[in-house]
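My notes follow in the order in which I looked.

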Amino acid sequence: MEVKIVVGGEAGQGIQTVSSIMSKFFLRSGYYVFVEHSYQSRIRGGHNFTQIRVSTEPIYSSDGGIDILVALNEETVKLHADELLDKGIVVYDNELIKGLEGERFYGVPLQRIAVERAQTKVAINSVACGVLVGLLEGEFSILEELIKEQFKDLEVKEKNVQSAKAGYEIGKSKKDFQFKTPFLSDNNKLVMDGGSAVGFGAIVAGCRFLSAYPMTPGTAVMNYLAGHSKKYNIVVEQAEDEISAINMVLGASFAGVRSMVTTSGGGFALMVEGLSLAGMTETPCVIHIGQRPGPATGLPTRTEQAELLFVINAGHGEFPRYVTAPRDARDAFYKTIKAFNLADKYQIPSIILTDQFLIDSAATIDELDLSAVEIHRYIDNSPDKNYKRHLITESGISPRALPGTDGVLVITDSDEHDEEGHITEDLGIRKMMVEKRLKRGILLKEEVEEPLYVGVSDPRVVLVGWGSTYGAIRESVDRLIGEGYRIGLLHFSDVYPLPTRWLGRYGDKRLIAVEGNATGQLTQLIRRETGIDIIDKILKYNGRPFTPSEITREVKKIW
Amino acid sequence: MVDIETYNNNQVPAWCPGCGNFSILRCMKQALSELNIPPEHLLMVSGIGQAAKAPHYFRCNLFNGLHGRDIPVAVGAKIANHELIVIAESGDGNTYGEGGNHFIHNIRRNVNIKVFVHNNQIYGLTKGQASPTSDLGMKTKVQVDGVISPPFNPIAIAVALNASFVARSFSGDLEHLVNMMKLAITHKGFALLDILQPCVTFNRVNTFQWYKQRVYKLDDSYDPTNRILAFEKALEWGDKIPIGVIYINNRPTYEEQLPQLKDGPLYKNPITGIDYSDILREFK
């Protein structure tokens with residue numbers, strides 16, 4: 001069973017509230033959900049909508065088609081009515097929007113009920129949630145509990161419950177509605193968005209300093225850490241610019257605190273000199289980049305995967321780095337922790353490459369096992385008295401002590417430096433230092449995760465993707481297999497150093513790249529690192545995420 | 001017991017003979033030893049330029065970062081470990097030019113760091129171009145008809161931003177400079193010390209004699225807590241140049257206002273064995 005709900009309206013009408021309550025409603029009722037937000041770069045007005053896809057089976061992405069369209073304004077009806085599926089209906093306010101006729105249009109005086117029950121138009125969200133739960137014959141007590149959790153004030157709680165109840169009674173009375181989501185079972189699953197996943201991962205990893213300059217969609221992680229800063233002793237500092245942000249983070253990390261920046265492509269462009277500084281001074285740091293379409297300011301609230309080659313090549317000079325592009329919220333949580341651990345272990349910058357789609361969409365994920373999380377700092381707390389910050393070692397990793405440690409001095413330099421860390425122009429030392437720095441990259445290559453393979457054991461075609469496209473490609477592959485296609489998906493989460501063990505098994509298959517950019521950036525990276533040229537590509541770069549339906553269609557064309 | 005010898009290391013300065021940096025370096029060691037600060041408790045942060053090399057030439061913890069970006073590194077380090085004494089030391093081009101935005105906003109932020117600026121009104125490392133503080137009309141290889149943009153006034157800007165501590169000294173008056181360094185270091189809050197300094201190779205205008213004839217010390221009758229007077233002194237430049245503590249404003253530091261730092265330095269907070277079940281509940 002699957003039902004697709006879209007809630008649309010102007011920015012500021014509370015669409016996010018409806019989607020946040022309803023996603024938890026379905027979670028607590030025992031269903032899988034996938035919630036995707038589409039919004040414009042404005043605070044009020046414009047057209048914003050959320051798709052809530054609900055299923056009894058695991059789902060990994062949003063998809064086209066609408067079974068229930070909740071229209072909080074007239075524009076929503078105009079823009080989405082043609083996406084209604086066979087049995088679909090439009091729930092709208094029949095006192096505010098006139099002239100809609102036919103059995104698909106289900107008018108409910110949402111605003112009047114809100115004003116009657118709660119004396120405020122704002123409660124329209126609670127009414128809408130009530131109507132949805134009624135229509136779907138869901139368990140009202142679950143909704144009631146969620147509404148009570150949403151508000152602090154007792155009176156406001158009660159008024160919103162009354163509003164929801166009124167909506168629920170109306171929705172329940174609707175006859176002949178096909179979709180039902182009765183309570184199924186309790187579960188231990190979570191519903192999580194990518195921004196919170198990176199933020200929560202960072203907190204669990206022990207990140208206690210974040211500096212950033214606000215930039216959509218990277219800001220989500222700054223907001224998340226700031227929201228938990230008091231309880232977990234995290235300092236979040238809004239820097240004067242991105243250059244300051246990365247340099248503050250390097251200072252804090254040098255002095256011993258796990259630290260990160262969060263930004264988008266444009267902000268990262270400003271941080272690039274600092275990235276190189278991290279490379280030269282061997283200072284661990286974690287950089288989260290939420291991609292959005294570029295070049296320059298691009299489309300601030302839309303999604304794209306066009307920073308892969310930039311991120312891998314950014315920074316003057318040669319130094320190792322770890323780049324991971326999580327495939328979903330659960331992966332983002334664990335990869336964020338891995339990014340911190342690898343940054344400390346190899347004293348390198350770690351980059352978490354997400355995008356607007358992953359950051360803003362929420363999905364049901366399996367419970368996280370926090371007891372299994374390991375944190376390793378690799379800090380030398382009792383260094384030798386002849387301590388040298390940049391000591392040449394077999395592995396290339398020098399012991400890392402912190403400034404303030406008795407008996408030793410910790411010295412580093414953005415200039416080429418000797419083992420102690422002092423500026424040098426000795427060209428022999430220069431050569432040794434270059435080799436020392438790069439050696440760590442060879443070890444790092446052993447730490448990257450091979451791409452995940454999903455599909456038939458003997459595929460004729462293998463789709464290749466990376467990052468947040470996982471869900472859409474995965475569902476497309478499942479459907480194609482269901483139709484008899486011998487197909488699989490090879491999906492990269494860790495992207496740099498590029499894992500290459502998969503070559504043995506899939507290197508000679510017919511590969512089709514699926515990427516959210518216009519030039520096939522992973523394809524270029526694979527060619528550079530392995531010599532394999534992926535000719536067929538399914539590329540999308542209009543600012544919207546892939547859907548399983550469109551990938552399925554494109555694969556069939558190429559097949 | 002920390003004496004001046006404690007600070008000596010084996011690095012050989014790469015400065016021109018007669019450079020004002022030598023006396024600033026000597027004063028730095030003198031001030032630190034008089035304050036009894038062990039090198040292990042001191043973190044120097046510098047940017048790029050002749051002045052920014054200075055911390056390599058004495059014993060200290062050191063992060064020698066990028067051109068213009070020393071202040072953010074110093075701020076990050078101080079937030080991570082506020083028990084360290086953190087001093088950013090660089091030149092006028094680094095701090096007032098490339099790092100201008102950080103200079104401005106960190107005066108506002110008021111983290112308890114010290115910013116010592118060797119101000120020789122010229123670029124030395126890149127061989128003689130005008131700096132933000134070069135006087136009008138100064139001719140260089142680049143400003144061939146002379147500088148046409150009026151100079152940046154760090155003191156006036158710092159006073160305008162209600163900086164916590166603003167002082168100026170001169171590399172040719174060792175006793176005064178040591179005293180100013182000590183006052184800046186012991187002040188609680190962001191402290192700017194602008195140090196006038198001749199460049200013997202590239203600045204033929206603002207020579208040792210030029211400064212020597214113009215600088216005068218503010219005496220005890222001057223009240224550095226009076227912002228209006230401080231503005232007057234900040235605008236004085238030309239035939240007479242005041243040196244001394246120009247402005248003091250004892251406002252709360254950034255660190256004092258962070259509840260996160262109440263229980264000790266941030267880097268000492270445990271990050272394992274923490275119960276995150278309340279966060280997990282947010283996702284259910």
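**Sheet in chain A**

I first traced an open sheet of 5 strands in chain A, whose order is E16-E18-E17-E20-E21 and whose pairing is mixed. Strand E16 (452-455) and strand E21 (536-539) of chain A stand at the edges with a single partner strand each, so one side of each is left without a neighbour in the sheet. I keep in mind that this is a predicted model. On average, and with direction ignored, I find neighbouring strands of this sheet turned by 25° against each other.

Looking inside the sheet, I noted that strand E17 (residues 461-466) and strand E20 (residues 510-515) of chain A run parallel and are joined by 4 bridges, and that A:Val462 stands opposite A:Leu511 in E20(A). I then looked up what packs on the sheet and found helix H15 (residues 470-482) of chain A, which touches E16, E17, strand E18 (487-492) and E20 of chain A, its direction making about 165° with that of E18(A).

**Where chain A meets chain B**

Turning to the two chains, I have 50 residues of chain A in contact with 42 residues of chain B. Among the elements that give two or more residues to the side of chain A that touches chain B are helix H7 (194-205), helix H10 (265-281) and strand E15 (411-413) of chain A, while H9(A) gives the most, with 9 residues. I sorted the residues of that side into 25 nonpolar, 16 polar and 9 charged.

Key. Residues are numbered from 1 along each chain as its sequence is written. Chains are lettered from A and ligands numbered from 1 in the order in which they are written. This is a predicted model: local features need pLDDT of at least 70, side-chain atom pairs count only at pLDDT 80 or more; totals for chains, interfaces and linings use all residues. Two strands pair if DSSP finds at least two bridges between them. Axes are lines fitted to C-alpha atoms, for helices over the stretch in contact, and angles run from 0 to 180 degrees between N-to-C directions. Two residues are in contact if their C-beta atoms, placed from the backbone, lie within 7 Å. Ala, Val, Leu, Ile, Met, Phe, Trp, Tyr, Cys and Pro count as nonpolar, Asp, Glu, Lys and Arg as charged, and the others, Gly among them, as polar.
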